Amino acid sequence: MTLHTRPSEAKKLISGATGDWEVVIGMEVHAQVASNAKLFSGASTAFGGEPNDHVSLVDAAMPGMLPVINKECVAQAVRTGLGLKAEINLHSVFDRKNYFYPDLPQGYQISQYKQPVVGEGEVIVDLPDGESFTVGIERLHLEQDAGKSIHDLSPTLSFVDLNRSGVALMEIVSRPDLRSADEAKAYVTKLRTILRYLGTCDGDMEKGNLRADVNVSVRRPGGPLGTRCEIKNVNSIRFIGQAVEAEARRQIEIIEDGGTIAQETRLFDPGKGETRSMRSKEEAHDYRYFPDPDLLPLDIKAEWVEALKADLPELPDEKKARFIADYGLSPYDAGVLVAERETADYFEQVVEGGGAKRDGKAAANFVINELFGRLNKEGKDITSSPVTPHQIGAILDLIAEGTISSKIAKDLFEIVFTEGGDPRVVVEARGMKQVTDTGAIEKVVDEIIAANPDKVAQVQAKPTMLGWFVGQAMKASGGKANPQALNDILKAKLGI
């Protein structure tokens, strides 16, 4: 697969006692399908119900109950595949993956093995320094989730909640194309963004709706692949980074001490910042996969796939390219704005709301610096912003007209954020218009020059001191003097 700009390999190497090591990472991301009903039953997928409240006879594996596939779950998997620029397999098969857990009532999981619904695709990942690279997607298959064992309600008993049993999951398997903890975090962040744009998974990691199995191995740079260990069910992007770092260090220390890595499944303990062994790693044959006899092969029509494709929203990469082309934004600013669909929509309403066509760069700067900064301080996101795109647009119009300065705009924004109101009305009511009357500005400047003859001599010898006079004049005018007019008058009066 063709890589975009690949970040410098050297800066991602890990120093060991005997030289440099390279970490190799592949991801299996489990994304809960956004649907009202489960994959093979009509039971609710709503989060937070009473234990065993959302369980049908199929989910509980009662004798004689047969699965019936949920068409919407298949549609969501296809949409996701299209969003990942992946091959859609018109013929796929559901298999039984046989293993026993108390929270898996059937004694097997219905999954897909050799013939998944979605084949090879890719995700273009952007890093904070502006570089990007491509991660290959090997496959996406549909499968049902297991229930949940609960061990902390009794000292002698374990309980089972089957509410999640049968909920549809998309398992998105990447190639081992990631080479650092930062790349792993950036990849999951981008994948989550794509899923949320598509509306196929809400990406809520706190609820377990998106979680990752992280495969980690280490090798000498350019050497053969090492033995990998799988870290199961990591449920936050920050923990993914920490788990990669901890596991890579553990493996390097073992190899440098003369040991060998056992292929196994491990868990990450965020409290201790380390991984611990869970069980030896199963191979595919250990699960005795075979086609599920209760389900026919899944055959979908090319026309249906095309119809789903035609109805897809504009995705983050396309939106970012458009923001750069249409609004003149930097790649960084465009990337920040498209990271969440709601943020991108908000920004576009600021630029074009009410039929306006405002300056894109000015709008981006205000939204990113003023609005995002204030929302972060309050612990809010864009969906709970007390300031509307219309209000931000009005503030930008007032700046563009010269009615207020950029400094006054910050004060105005603070008033609108905390008290609300129409920015134009607030400016009128509170006398916040900047002074553009040159006579009034000249009067302020004359008073400052008369009161500071020593400073006048200094600025004539060293023109960079002009900033002191600007500051004094702004202070005297309550921040309302037009900055351009003030600068011009000062330079003329001081002869610089």
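**Stop one: a helix and its buried side**

Select α8 and colour its buried residues: Gly360, Ala363, Ala364, Phe366, Val367, Ile368, Leu371, Phe372, Arg374 and Leu375. Buried here means under 20% relative accessible area, with a 1.4 Å probe and protein chains only. This is a predicted model, where local features need pLDDT of at least 70, side-chain atom pairs count only at pLDDT 80 or more, and totals for chains, interfaces and linings use all residues. Residues are numbered from 1 along each chain as its sequence is written, and side-chain values use heavy atoms, leaving out hydrogens and water.

Now show what covers those buried residues: α5 (316-327), α6 (331-338), α7 (341-352), α9 (389-401) and α10 (406-419) are included. Helices are DSSP runs (H or I, at least four residues) and strands likewise (E, at least two), numbered from the N terminus.

**Stop two: along the helix**

Start at Asp359, which caps the N-terminal end of α8, with a side-chain oxygen 3.3 Å from the backbone nitrogen of Lys361. Move along to Phe372, where α8 bends by about 30 degrees; that is the angle between axes fitted to the seven residues ending there and the seven starting there. Next comes Gly379, which follows α8 and has a positive phi, near 70 degrees.

Where is the centre of the second largest pocket? Of its 25 lining residues, Asp126, Leu127, Pro128, Gly335 and Val336 are the closest to it. Finish by selecting α2, which gives the largest share of that pocket's lining, seven residues.

Notes:
Buried means under 20% relative accessible area, exposed over 50%, partly exposed in between (1.4 Å probe, protein chains only). Contact means heavy atoms within 4.5 Å. A polar contact is a pair of N or O atoms within 3.5 Å; within protein, one must be able to donate a hydrogen and the other to accept it, and residues adjacent in sequence count only if both atoms are side-chain atoms. On a 1 Å grid over the protein atoms alone, a cavity is a set of points where a 1.4 Å probe fits but cannot get out, and a pocket is an open set with protein on both sides within 12 Å along at least five of seven lines; lining residues have an atom within 4 Å of a point.
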